[in-house]
Amino acid sequence: MTDYQKILTNQKLSTRTKVIATLDQIHHGQSLSTLLDELLNNVDTNDKAFTHELIIGTLRQWWALNRITESLIDNEIADKAVLSALHIGLYQLLYMHTPDYAAINDTVEAIKPLNSHSTGLVNAILRKVANNPDKFSKKVQKNHSLPNYLAKILKQDWADYYALLGQNLRTAAPIFLRVNAKFCTPLEYSKLLNEQHIAHELVNIGVDKHTAIRLTGSVKISDLPKFVDGWVSVQDLHAQVCGEILADVVLPTFIRNVNNGKNINILDACTAPGGKLAHVLELFFTKAFHQLQPNIIALDNDEKRLSRVHANLHRLQLSDLQSDSEQSDKSLQIICGDATNFNTADFNRTDFNDTELNAKPFDVVILDAPCTATGVIRRHPDIGLLKTATDITNTVKLQADILQNLWQNVATNGYLLYITCSLLKIENSEQMQNFLANNPDANLVDFTLDLPNQIKQTIGYQCLPLNEHSGDGFYYALLQKHY
């Protein structure tokens, strides 16, 4: 058992000590998503809400809090556990309005098991802030809570929206629902929510007014009506745009093209955790596209993340497409593989309904490309600590390699939908510009989005998180291959 696990399971250690140790793990490259459940499982039931607020809030305001610590300390703090202790103390004082004696004394006690030599420093800094709360409250709310390199890029890329982005990226994201078309419509599901007095509103997506649902009140997700039966999923509003582009622009071409028949061959690359894959599968249960017979490969290079795909599809009652292909006009294979070298010619799809599809190119490739995830910082506030400027360069190169490889697997007249959850133009419109310049057989397909926080680019659309009700930061571009 690692020292971190010993800290978590030690019942004598305080909740704050465990939060500090978890923040220290994040500084060493662990993501919050892999740590949070274990942390919450190892604190007292009465402390779970406090723990969740303290770690999420501290991460969300990390760089704003860091400006305070830098202004009050002459030398950089090398021990990240000590820095984390300072930040959770500041967060309690300036955001949670915890009484001074608890925020200061309990935080000082919390750092002792991890670094007993730092208690004087932590005590002095927190008391200095507590003695002048108005001054530091104003300072902590100023501008943004982003690492400097990222703030600089966003200011360059989105000058007109920079101030709004800076403020909104440090807030909690709204919760949106996608209704499973296999079972009901959004309007029908809205009636179920009304019956249980769950506050919500319907939100239109796309020019054809497909509908998502935004929760406007507090509710436990597992308590949503029919959630365990797969009637609904949590998916960000702007993430749902993927399915709407397919429904509005791509899939109708296969309905109209009688020469193509009803089969459609789809690759969903970098599929985990499977939200967009599930949305695509659900589309084929709608009246508009039920006649199409999709053969789908879902590809990801991480077996652990693929287990989440299987779990999600099982809950949504879509996993039978994998095992019951003889009795279904739809089929699905989920495989672990590398999108930088995946080749349809090397993959035998003999268990698909139409064996003639083996080794043929894909009619549709959905590439939810690896990215810096700067568009989802509201949901994953540890991104600001985990990502660096070097990661941007490496990510752009990886995206280009995947794009170039998968494009070779797109059929003539087929489509590639490029998606990221990034705000950075170098990963989005500039990546597409470079790709189009190097691939003359790639044509940009124009489409229209009808969302309040989407911005049409020279190439594609950027969706931005510009207010408390908007979706996350996503980018979309649609390409079609010609001779």
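This report describes selected strands, helices and backbone features of one protein model.

The model is predicted: local features need pLDDT of at least 70, side-chain atom pairs count only at pLDDT 80 or more, and totals for chains, interfaces and linings use all residues. Residues are numbered from 1 along each chain as its sequence is written, and side-chain values use heavy atoms, with hydrogens and water left out. Helices (H or I, at least four residues) and strands (E, at least two) are DSSP runs, numbered from the N terminus.

**The antiparallel sheet**

An open sheet is formed by four strands in the order β2-β3-β1-β4, with antiparallel pairing; two strands pair if DSSP finds at least two bridges between them. Its edge strands, β2 (200-205) and β4 (232-234), each pair on one side only. From one strand to the next, the twist averages 35 degrees. Within this sheet, Leu-177 stands opposite Ile-213 in β3.

Helix α12 (residues 186-195) lies across β1, β2, β3 and β4 and runs at about 165 degrees to β2. For such angles, axes are lines fitted to C-alpha atoms, for helices over the stretch in contact, and angles run from 0 to 180 degrees between N-to-C directions. Contact means heavy atoms within 4.5 Å.

**Pairing around β8**

Strand β8 (residues 362-368) is mostly covered, since seven of its seven residues are buried. Buried means under 20% relative accessible area, exposed over 50%, and partly exposed in between (1.4 Å probe, protein chains only). Val-365 in β8 is the bridge partner of Leu-267, and the partner of Val-365 in β9 is Leu-416.

| Strand pair | Sense | Bridges |
|---|---|---|
| β1 (residues 175-179) and β3 (residues 210-215) | antiparallel | three bridges |
| β5 (residues 263-269) and β8 | parallel | four bridges |
| β8 and β9 (residues 410-420) | parallel | six bridges |

**Helices**

Helix α13 (residues 241-256) has 16 residues and reaches 22 Å from its first C-alpha to its last, close to the 22 Å expected at 1.5 Å a residue. The expected span is 1.5 Å times one less than the number of residues. A kink of about 40 degrees in α13 is centred on Ala-247; the bend at a residue is the angle between axes fitted to the seven residues ending there and the seven starting there. Twelve of the 16 residues of α13 are buried, so the helix is largely enclosed by the rest of the structure. Among them are Glu-244, Ala-247 and Phe-254.

The axes of helix α4 (residues 48-60) and helix α6 (residues 80-96) come within 10 Å and cross at roughly 100 degrees. That makes α4 roughly perpendicular to α6; angles of 65 to 115 degrees count as roughly perpendicular, under 35 as roughly parallel, over 145 as roughly antiparallel and the rest as oblique. The residues making the contact include Phe-50 and Leu-54 of α4 and Ile-88 and Tyr-91 of α6.

**Backbone features**

Most residues other than glycine have a negative phi, and most peptide bonds are trans. The peptide bond from Ala-272 to Pro-273 is cis, with omega near 10 degrees. Pro-273 is placed in the loop between β5 and α14 (275-283). Cys-270 lies in the loop between β5 and α14 and has a positive phi of about 55 degrees although it is not a glycine. At 15% relative accessibility, Cys-270 counts as buried. In strand β9 lies Asn-413, whose phi is near 70 degrees; Asn-413 is partly exposed, with a relative accessible area of 40%.
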